[in-house]
Amino acid sequence: MAEKEKTTIVLFSGDMDKAIAAFIIANGAAAYDHEVTIFFTFWGLNALRKDEPITVKKGWLETMFAKMMPRGANKMGLSKMNFGGMGPQMIKHVMKKHNALSLPQLIELAQEQGVKLVACTMTMDLLGLQKEELLDGIEYAGVAAYLGDATEAKVNLFI
C-alpha cells in the first residue's frame, strides 16, 4: 500500500478569514486522503481557545494577554474590513446564507477527519495559555515536531 501524501499548515494568523482558509484547505486535503497537520502558533492559537472562560492561575501579564486575545473561533476578527466587529458578523451571515460551514464547524470537521491539530507549546508559554483553555482532542508540541511532519510533506503552507 502506498504511503499517504502529507500536508502541513502553520496557522500563525489570528484572523478569522485566514483561519477559515486554513481549515478549508486542511479539510480538502484530508478528503483527498492526505495526512494533515495544522501547527498553531502565536495568534493562530486563538482558533483553538475554548469559547467559555476557564479559571486557571496566571500571572498579571498572562492575564492581560488572555483578556486582549479573542476567546475562540467565534470571536476572531477579519484581516480586512473588520469594521469594529461588524465585518465578522457580515461574513458569518454570508457564509450561513450560502450554506458554508462556519469556522467552529470546519474545526469540528477537521477533527472528525483526523486532521492533527497541534498547539505550539513555546507560544503557549509565552502567551500564558494553558491546556485547559484549549479545545479537547488537540496535540501539544514544539517546532521540532512540526518540522518532522513538514519534512515529509509535499505541501507546506504558512497562513
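Which residues is Phe40 in contact with, leaving aside its neighbours within four places in sequence? In this predicted model, Phe40 is in contact (heavy atoms within 4.5 Å) with Leu11, Phe23, Leu45, Ala47, Leu48, Leu117, Val118, Ala119 and Cys120. The structure is a predicted model, in which local features need pLDDT of at least 70 and side-chain atom pairs count only at pLDDT 80 or more, while totals for chains, interfaces and linings use all residues. Residues are numbered from 1 along each chain as its sequence is written, and side-chain values use heavy atoms, with hydrogens and water left out.

Phe40 is also among the residues with the most contacts inside the largest nonpolar core, together with Phe23, Ile38, Leu48, Leu103, Val115 and Leu117. Such a core is a set of buried Ala, Val, Leu, Ile, Met, Phe, Trp, Tyr and Cys residues joined through side-chain atoms within 4.5 Å; buried means under 20% relative accessible area, exposed over 50%, and partly exposed in between (1.4 Å probe, protein chains only). The largest core has 34 residues. Two or more of its residues come from each of β1 (6-11), α1 (16-31), β2 (35-40), α4 (103-112), β3 (116-120) and α5 (121-127). Helices (H or I, at least four residues) and strands (E, at least two) are DSSP runs, numbered from the N terminus. The largest share, 8 residues, is given by α1. Another core, of 7 residues, lies apart from this one and includes Val10, Phe39, Val118 and Cys120.

Strand β3 is largely enclosed by the rest of the structure, because 4 of its 5 residues are buried. β3 pairs with β2 in the parallel sense over 4 bridges, where strands pair if DSSP finds at least two bridges between them. Leu117 in β3 is the bridge partner of Ile38. β3 also runs parallel to β4 (residues 139-141), to which 3 bridges join it. In β4, Ala141 stands opposite Cys120.

Helix α6 (residues 143-152) contains Asp149. This residue is buried, with a relative accessible area of 17%. Not counting residues up to four places away in sequence, Asp149 touches Thr8, Thr37 and Lys116. The C-alpha atoms of Asp149 and Phe83 are separated by 38 Å, and the two residues are 66 residues apart along the chain.
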